Amino acid sequence: MGQHSIPIQGPAYMTSLGKQAGFAIYDRKSESLVFFNQEWAETTRTSLTQIQGYRPKNIISLIFDQVNKRILVFDAGKCLLLIFQLDGKHERTINLAVEAPDCLYTPTSLALDSKGTVYVGDRGENDIKAFTLDGTYLFSIHLPLDANGEKPRFSVSAVTVLADGSIAAVDSKSRNIVLFSREGRFLSERPLEGNYSTVKKLMALDSGELIGMDSSQKLYKWSARGKQTAGLGSEGPGRGQFTNLSDITCDSNGNIMALDGSDDPIGPAYWQV
């Protein structure tokens, strides 16, 4: 596990830029999107407050769109998806605030598949909502309806897209990993092993394994069936520990990167796991 300091005041979320061999980080203190090369030298910085008519409210996710070579920034507080080019230029803003009964109530997570479908985990509505990249609402993904025809409790804390296009979501209430088809059909539900608190981020590897980030400052690795195969990290200031584990991503070489958004005197850092 390697460690490296990043010259940012308040890093909150991070994404790698695929084969572009770089990274983008949202700095919550300056409300900026900051770009780095592979050596972690800053290349450009875009202030989100300079976007006309926009002020950040609750950004919860950064995703790299490998097909279109764009960075997606999701503001859950405003149900907005901001699209940026690799040079930091703001391209457009997509409104995901659809009308009831399909409105987003408590968005918790974001995922994107290779066909350009955006999936938003919504704990408040017990489902995952699918949109196109132009903001068109497609359908709702949820557990099978109960005997009264109602959606059962589905506390989505994290969602990701597997290599075959199926959707994996963590249900924090049942502590299960739930799988759906690309079209939203329920496939399976299995226990997600581990002594975790709340899985805040879920990432799928090409191997089919899942990497999860826990609110208790730990990283976990599971098989696609939910069997825990590894665990790493703990809360604390020491090497290999985290004080404010805020995001994970995978670089162009397949390395797992973990972002610690600590405000302590040592400063924020990332770990190469």
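**Stop one: a network of charges**

Begin by selecting Asp122, Asp127, Lys129 and Lys151, which are joined in a network of salt bridges. A salt bridge is counted when a side-chain nitrogen of Lys or Arg lies within 4 Å of a carboxyl oxygen of Asp or Glu. Across the whole structure, a search finds 11 salt bridges.

Before continuing, please note that this is a predicted model, in which local features need pLDDT of at least 70 and side-chain atom pairs count only at pLDDT 80 or more, while totals for chains, interfaces and linings use all residues. Residues are numbered from 1 along each chain as its sequence is written, and side-chain values use heavy atoms, with hydrogens and water left out.

**Stop two: individual salt bridges**

Select Asp247 and Lys201 next. Their side chains meet in a salt bridge, at 2.6 Å from N to O. Asp247 belongs to strand β22 (residues 245-250) and Lys201 to strand β18 (residues 199-204), so the pair ties together parts that are 46 residues apart in sequence. Strands here are DSSP runs (E, at least two residues), numbered from the N terminus. Is Asp247 buried or exposed? Asp247 is buried, with a relative accessible area of 2%; buried means under 20% relative accessible area, exposed means over 50%, and partly exposed lies in between (1.4 Å probe, protein chains only).

Now select Glu31 and Arg55, which form a salt bridge whose closest N and O atoms are 3.5 Å apart. Glu31 is in the loop between β3 (22-27) and β4 (32-37), and Arg55 is in the loop between β5 (42-47) and β6 (59-65), so this pair ties together parts that are 24 residues apart in sequence. Glu31 is buried, at a relative accessible area of 16%.

Move on to Arg45 and Glu42, another salt bridge, with the closest N and O atoms 3.1 Å apart. Arg45 is partly exposed at 36% relative accessibility, and Glu42 is partly exposed with a relative accessible area of 38%.

Finally, select residues 156-161 and 186-191, which are β14 and β17. These strands belong to an open sheet of four, in the order β14-β15-β16-β17, with antiparallel pairing; two strands pair if DSSP finds at least two bridges between them. β14 and β17 stand at the edges with a single partner strand each, so one side of each is left without a neighbour in the sheet.

Within this sheet, select β15 (residues 167-171) and β16 (residues 176-180), which pair in the antiparallel sense over five bridges. Which residue in β16 stands opposite Ala169? It is Val178.
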